[in-house]
Amino acid sequence: MHLMHSSTRLLSRRYVVTANVYFKRMKNLLRYHRRIVKPVMIVILPDFDAYLEFSEAIETYPMNFSVWFTLFLYTPANDTHDYCHEPVGNPFNLAFDTQMLVLCHNAGILQEWYSVDGETVKVFDLAEWDGEGFMPLTNLSLYDRRNDMEGTILRIVTVKDLSISTKHTGNYVAGIYGKVLEELAYSLNFTLKIVARMKEHGLWNPQNDTWSGVMGEIVEGRADFAVADMSMTSFRIRYVDFTLPLIISRNSLYIKEPGICGVKWLGYFQTFHSRTWAMIITLIAVMPLLLFFMKAYRESRSTVDLISENFICIWGIFCQQALIEFPRRSSLRIAYFTIFLTAVMIVAHYSAALVGFLTACTRVLPFQTIDEFVDNGGYKLIVTRGSSDYDVISFQAKYETSMRSFSVKLMKLMKDESELPEDLIDGFVQVRLISVCNERKVAYMVLNILKKTMESKIPCKVSSINTERIDNLGMVLSKGSPYTGVINYHLQKFLDNGMLMRLRDTRFLPQSVESKTYVPVRMSNVIPILAILCGGIIISIVMLIIEKMYYQSRRRKLQSKVFYHSRKKFKKHNN
């Protein structure tokens with residue numbers, strides 16, 4: 001009691017909050033689990049009875065909840081075993097990630113205790129007392145000291161369409177997971193044992209509070225480690241532990257590529273900037289006036305006729321038409337030559353851009369964003385059955401109060417669970433159920449990196465729409481697993497030495513070999529040109545009819561006028 005009170009007073013002077021707890025009441029500390037991140041537990045064992053009492057009190061206690069410092073304040077009798085220097089079994093319920101320091105009575109070595117298999121205790125000499133303080137005996141960090149799992153067997157569960165063998169290098173995800181697992185098993189000395197291959201990643205059933213698929217195997221304790229392309233979601237983290245993300249990818253909507261190229265009616269005017277078009281129009285409008293002033297003092301025709309003739313000439317020059325008669329005066333020749341040169345440069349630039357526009361087929365998608373997809377409402381949404389996408393959408397839609405919310409609208413477009421594809425590739429090619437290549441108005445939500453792994457197996461061309469959502473894919477361990485920390489530590493080392501970045505490089509994705517074919521320009525691609533041509537012909541015919549009617553009317557008036565004068569003259573002559 002004196003030691004306990006003295007230690008409490010010294011700690012309080014350094015503003016460390018303390019609480020004195022009997023062994024029998026230690027379970028009450030778990031209520032403060034959410035308030036205290038990592039408490040330090042100082043265990044004082046004055047005699048062997050206290051040792052037995054503490055062992056019994058922590059038999060079911062989560063030892064990774066705290067950091068422990070255990071003091072043996074007694075020396076065992078001659079006829080009793082020294083449980084401090086030679087622990088028997090696993091008296092303190094230690095695990096691989098337990099952080100416990102032990103100091104034996106009248107001993108100058110500070111030890112570290114932990115357990116690999118849960119049956120025996122591993123002892124590591126951490127520091128030595130030199131009379132003034134503890135001197136460290138090693139510079140290794142926690143998981144550098146605990147780098148040997150002594151062949152521990154980890155039960156593995158995976159999905160059927162993902163092989164964790166590095167022999168299957170055609171699968172990008174399998175290649176990453178397989179190589180990482182090989183390096184982890186070699187570095188930490190553990191063994192993998194596949195106990196199940198599930199059809200899906202796992203869905204939450206709110207009626208009976210259970211998980212299916214891979215998640216169900218982990219949560220129910222039938223497997224220790226899940227090797228699958230599992231997306232990290234806040235809901236899943238409540239039930240399992242995730243490793244550091246191995247793959248980071250965007251999520252997109254994939255639809256079947258439209259068969260007809262889109263016709264952009266304004267595309268023919270997008271070759272030049274609006275200021276350039278304004279300058280060209282200004283030149284065509286101003287040049288006839290300049291030519292009018294240059295010709296006005298030499299020709300006696302009316303102003304309207306002269307300006308209209310100049311305008312037709314300028315318009316013909318820009319349409320690559322020749323002049324009926326080239327002027328003789330030098331000033332007009334220089335003016336016309338400048339106009340010809342300007343028109344040739346403009347038309348040459350425009351023609352080059354126009355050829356590129358006609359030969360490049362631009363597909364016009366029915367929507368460009370996921371918001372437009374929801375507003376369109378004509379497409380149905382599918383996701384892989386048991387994937388995180390279904391969990392996220394259904395979970396958000398369930399707890400949204402407004403029926404007009406985005407998640408609720410998205411869930412209404414979702415196909416029934418029985419119609420969703422079981423595997424990744426089924427969403428593109430399955431025949432019995434709905435898929436992208438078999439149905440015109442179906443959108444498949446999937447990660448970009450997963451779609452690229454199946455690029456060569458997709459029989460049709462698809463277009464993607466970005467959803468602005470980024471997913472982190474990692475491996476899954478059981479909740480509170482003692483190996484989560486050491487696995488994440490070594491994954492971080494793989495990231496620091498560049499191994500993970502090398503594996504994530506998209507250059508190592510399987511590339512689909514496609515023969516390059518040249519598709520001729522179809523009639524649909526030149527619809528705007530044909531429309532302009534037909535419009536010009538129609539306008540010309542209309543103008544021709546108007547002109548013919550005008551000249552006929554003028555001729556009739558002239559004939560009637562001549563007839564009137566002739567009759568008047570005849571009457572006058574007879575009189």
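**Chatting about charged residues**

Me: Is Glu53 buried, exposed or something in between: what does its relative accessibility make it?
Reply: Glu53 counts as partly exposed, because its relative accessibility is 32%. The cut-offs are under 20% for buried and over 50% for exposed, with partly exposed in between (1.4 Å probe, protein chains only).

Me: Before we go on, what kind of model is this?
Reply: It is a predicted model: local features need pLDDT of at least 70, side-chain atom pairs count only at pLDDT 80 or more, and totals for chains, interfaces and linings use all residues. Numbering starts from 1 along each chain as its sequence is written, and side-chain values use heavy atoms, leaving out hydrogens and water.

Me: New topic! How many salt bridges are there?
Reply: The count is 10 salt bridges, taking a side-chain nitrogen of Lys or Arg within 4 Å of a carboxyl oxygen of Asp or Glu.

Me: What does Lys179 pair with?
Reply: Lys179 forms a salt bridge with Glu183, and their closest N and O atoms are 3.5 Å apart. About one helical turn separates Lys179 and Glu183, because they are 4 residues apart in helix α4 (residues 172-188). Lys179 is partly exposed at 30% relative accessibility, and Glu183 is partly exposed too, at 22%.

Me: What about Arg222, which residue is its partner?
Reply: That is Glu217, with the closest N and O atoms 3.2 Å apart. Arg222 is partly exposed at 44%, whereas Glu217 counts as buried at 12%.

Me: And which residue does Arg469 meet?
Reply: Arg469 and Asp389 meet through their side chains in a salt bridge, at 2.7 Å from N to O. Arg469 sits in strand β16 (residues 462-478) and Asp389 in helix α10 (residues 388-399), so the pair ties together parts that are 80 residues apart in sequence. Asp389 is buried, at 7% relative accessibility.

Me: Which residues do shared partners join into one network?
Reply: Glu112, Arg145 and Arg146 are joined that way by salt bridges.

Me: Last one: what is the phi of Asp209 like?
Reply: Phi of Asp209 is near 55°, a positive value in a residue other than glycine. Asp209 lies in the loop between β9 (204-205) and β10 (210-211), and Asp209 is exposed at 54%.

Definitions and conventions: Helix = DSSP H or I, 4+ residues; strand = E, 2+ residues; numbered from the N terminus.
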